[in-house]
Amino acid sequence: MEVHLPAEKEARLRQVAIRTGKDAAQLVEEAVDRMLEYDTRFIEAVEEGRACARRGELLEHDEVVERVEQMFRA
């Protein structure tokens, strides 16, 4: 597979590669791995949320706010 980047992005990629001592292709592969892992987790979370909604397992707004506040306090 080939990926074509605008010259500006390619230059930035080369700069980061130099600074990290890595090959530009290695940086791209690592970035794709991170993106795929993130997207997979996001899709799974959305699918779980949709399944909960279909089962009627929904939270009221106040419950959501409380859970978010608890996360920030932890």
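On a 1 Å grid over the protein atoms alone, a pocket is an open set of points with protein on both sides within 12 Å along at least five of seven lines, and its lining residues have an atom within 4 Å of a point. Grid points are joined across faces, edges and corners, and a volume is the space filled by probe spheres set on the points. The model considered here is predicted: local features need pLDDT of at least 70, side-chain atom pairs count only at pLDDT 80 or more, and totals for chains, interfaces and linings use all residues. Residues are numbered from 1 along each chain as its sequence is written, and side-chain values use heavy atoms, with hydrogens and water left out.

The largest pocket holds about 250 Å³ of space. Its lining consists of Val-3, Leu-5, Leu-13, Val-16, Leu-27, Val-28, Glu-30, Ala-31, Val-32 and Arg-34. By class, eight of these residues are nonpolar, none is polar and two are charged; here Ala, Val, Leu, Ile, Met, Phe, Trp, Tyr, Cys and Pro count as nonpolar, Asp, Glu, Lys and Arg as charged, and the others, Gly among them, as polar. Helices are DSSP runs (H or I, at least four residues) numbered from the N terminus. Both α1 (7-20) and α2 (24-54) supply at least two lining residues, and the largest share, six residues, comes from α2.

With 31 residues, α2 reaches 45 Å from its first C-alpha to its last, close to the 45 Å expected at 1.5 Å a residue; the expected span is 1.5 Å times one less than the number of residues. At the start of α2, a side-chain oxygen of Asp-23 comes to within 2.9 Å of the backbone nitrogen of Ala-25. Just after the helix, Gly-56 adopts a positive phi of about 80°.

Within α2, Leu-27, Ala-51 and Cys-52 are buried, a term for under 20% relative accessible area, with exposed meaning over 50% and partly exposed in between (1.4 Å probe, protein chains only). The cover over the buried residues of α2 includes α1, contact being heavy atoms within 4.5 Å. Glu-30 also belongs to α2, and it counts as partly exposed because its relative accessibility is 24%. Between Glu-30 and Leu-5 there are 25 residues of separation in sequence and 16 Å in space, C-alpha to C-alpha.

Helix α3 (residues 61-73) contains Val-65, which is partly exposed because its relative accessible area is 32%.

Technical notes: On a 1 Å grid over the protein atoms alone, a cavity is a set of points where a 1.4 Å probe fits but cannot get out, and a pocket is an open set with protein on both sides within 12 Å along at least five of seven lines; lining residues have an atom within 4 Å of a point. A polar contact is a pair of N or O atoms within 3.5 Å; within protein, one must be able to donate a hydrogen and the other to accept it, and residues adjacent in sequence count only if both atoms are side-chain atoms.
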